[in-house]
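This briefing is meant to be read alongside the sequence and the model.

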Amino acid sequence: MLRFIVRRLLLLVPILIGVSILVFVWIRALPGSPAESLLGERATPATIARLKHDYGLDQSIFVQYEKYMQTTLKGDLGYSIASRRPVTEELRHRFPATVELAIAAMFFAILFGVPLGFFAAKRYGSLFDHGSLFASLIGISIPIFFLGLILKYIFAVRLGWLPSVGQIDVTKNVKHPTNFYVLDAILTHDWGTLADVLKHLVLPAIALGTIPLAIVARITRAAVLDVQNEDYVRTARAKGLSPRIVDRRHIFRNALLPLSTVIGLQIGLLLSGAILTETIFAWPGVGIWLADAISARDYPVLQAGILFLATVFVLVNLIVDISYAIINPRIRYS
Amino acid sequence: MSVAELEARQVALESPTGGLWRDAWRRLRRNPAAIVGFVLVGTFVVVAVFAPLIAPYNAREPNLLALAQAGGCCPGPSWHHLFGLDQLGRDEFSRIVWGARDSLIVGLVAVSVGLSAGLVIGAIAGYAGGFVDSLLMRCMDIMLAIPGLLMAIGIVAALGPGLWQIMVAVGVVNVPIFARLLRGSVLAQKENDFVLAARSIGVPRRKILVSHIIPNAIAPVIVQGTLAMATAIIDVAGLGFLGLGASDPSTPEWGTMLTDVERYFQSAIQLAIFPGVAIVLSVLGFNLIGDGLREALDPKLRGRTERYRERRPFWWLLALRKRGAAHGAQ
């Protein structure tokens, strides 16, 4: 097992180097330079040249890449050209926001998706089954930005129950020891803030979590259908175990296997969806940050941010593979 | 030419996949969900093809006069304007109709780009194996490690705005998905007896790949292609929504139409509803067909559904009717 993990970790290295090269070359293929977008239309060639020199953009691309790798490996991601703040500092604020949103969305998806799929399979072919299948198809077919707009319209504009933008009430001035706002509020026993943060989280989480919910429901249903006619389930029933125990121990546990893979695969989708969700709900996360950085040609932010997201993504996939081996004792990696 | 080769030729002349496809088509026709999908997609194709005939008004020219006559933004549905007017006084219905054309074309081209590049890469990787395989697949892994929408945004940013650029961007995002799918499929087919047979009578490698392996490995790719159409329509609309749509802002594109809609929430929610529903319905259509195809083509899935019960569409409706009939008999 340990050897498997080490080997997989080593395999990640070339992938991440590849991502860094790809991002590096791509950024330099973008039309326009940060100097121009930063200085605006009134920039003279001289000021542009000076700024380029300051950021080392006038050197050859190989020198730039070498410098970039040297500093990145030391943990120094440079300064954002747009905000002039260290990229690591911005990342420390924005990444927790995106993680919080993604976890909330996944929580929503599993909380409703698994029971929905499970009971649909138990009542295979019933009205409930058809209804949940149809609902999950709609869930997969609805674009995040449309769902987000509609949720915003109903719950924020019409009913006024929930806030429509941001992560927290801006007038609140509270400490953020971890930058995970929910966790912070719990740690500081600030229940008023917790309620406020949770309220802000509801709509973005639903918007982002609906597609995973639909997929989780469909996979759960298919997995339960697959498992429930297996011989060992019939044996368990035949020896007189209560239906509930058979459901839980024999059917549900085995149905979890494909589910765990699918949930892991959703991480990439969540990161993609976060860009749209964060744009609609003005959520101060990584997605909106990178989308803005592209239009501002903010090289350091793009280089660091995309590499960081890619690292997170491949690590999560590795964790999914490992947990798959733990959940399923039949699989042993050598 | 040897006898074996001649015989092999004759075998090849009989369409090797006809049975499977005819079978699949029969099952697909019996699947009511897939039929609904075909109707939805068919409607959109007809609307897209005949857009100039269907759209009653100009979809691009702003018509502030009409807006002023109606008393400001934005009048809702009426007899003259089925879906009302948008914030620039253009007929919303005409814009939705023209938008169908762009969405379908862009989606189709994007998927074709991704599919053909992915096919070539996947087929080569799967059949060649060894170093070529690892190299190509590591490249695909690198692409998969970057969130898809982010990559699409990046490509559009590098190439500049425009529908062609969007097609390329969304297509490139699809390449690794198809490549991995076809590679797995080819690897599975490679060990089959008919490949061994073809090799033993001296059929060249390239011909084995093109006329023996790929036709048998293509089924999952077709399913994925249909589902990719659905995702492509959403991705294209998403790019449009983020302001990375066509270079001409008057282009009636569904995603772009949703961009500024929030400003008119109070007065004209229908401006959000119509383009949104158009996206959902077209995406739903492709998803339904894709699901139906998967069920029809995958012998394993087929076995599962048949094991439970003779699959009849919406049998609970029949059951209700039967119960009613039984009551009547009493």
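**Helix pair α5(A) and α12(A)**

In this predicted model, A:Glu90, A:Arg94, A:Phe95 and A:Thr98 in α5(A) meet A:Val286, A:Gly287 and A:Trp289 in α12(A), where two residues are in contact if their C-beta atoms, placed from the backbone, lie within 7 Å. Residues are numbered from 1 along each chain as its sequence is written, and chains are lettered from A and ligands numbered from 1 in the order in which they are written. Local features need pLDDT of at least 70 and side-chain atom pairs count only at pLDDT 80 or more, whereas totals for chains, interfaces and linings use all residues.

- The contact of α5(A) with α12(A) divides into three nonpolar, two polar and two charged residues, with Ala, Val, Leu, Ile, Met, Phe, Trp, Tyr, Cys and Pro counted as nonpolar, Asp, Glu, Lys and Arg as charged, and the others, Gly among them, as polar.
- The axes of helix α5 (residues 87–122) of chain A and α12(A) come within 8 Å and cross at roughly 125 degrees; axes are lines fitted to C-alpha atoms, for helices over the stretch in contact, and angles run from 0 to 180 degrees between N-to-C directions.

**Helix pair α7(A) and α9(A)**

- Helix α7 (residues 144–158) of chain A packs against helix α9 (residues 191–227) of chain A at an angle of about 150 degrees, with the axes 9 Å apart.
- α7(A) and α9(A) are therefore roughly antiparallel to each other, a term used for angles over 145 degrees.
- Residues of α7(A) in this contact include A:Ile144, A:Leu147, A:Leu151 and A:Phe155, and among their partners in α9(A) are A:Leu203, A:Ile206 and A:Thr210.
- By class, the contact of α7(A) with α9(A) has nine nonpolar, two polar and one charged residues.

**Contact between chains A and B**

- Chain A brings 42 residues to the contact and chain B brings 40 residues.
- On the side of chain A that touches chain B, α1 (2–29), α6 (127–141), α7, α9, α11 (243–281), α12 (286–296) and α13 (299–327) each supply at least two residues.
- α1(A) gives the most to this side, with seven residues.
- The side of chain A that touches chain B has 32 nonpolar, nine polar and one charged residues.

**Chain B as a whole**

- Chain B has 16 helices and zero strands, taken as DSSP runs numbered from the N terminus (helices H or I, at least four residues; strands E, at least two).
- Among contacts in chain B between residues at least 6 apart in sequence, 73% join residues at least 24 apart.

Note on methods. Parallel < 35°, antiparallel > 145°, perpendicular 65-115°, else oblique.
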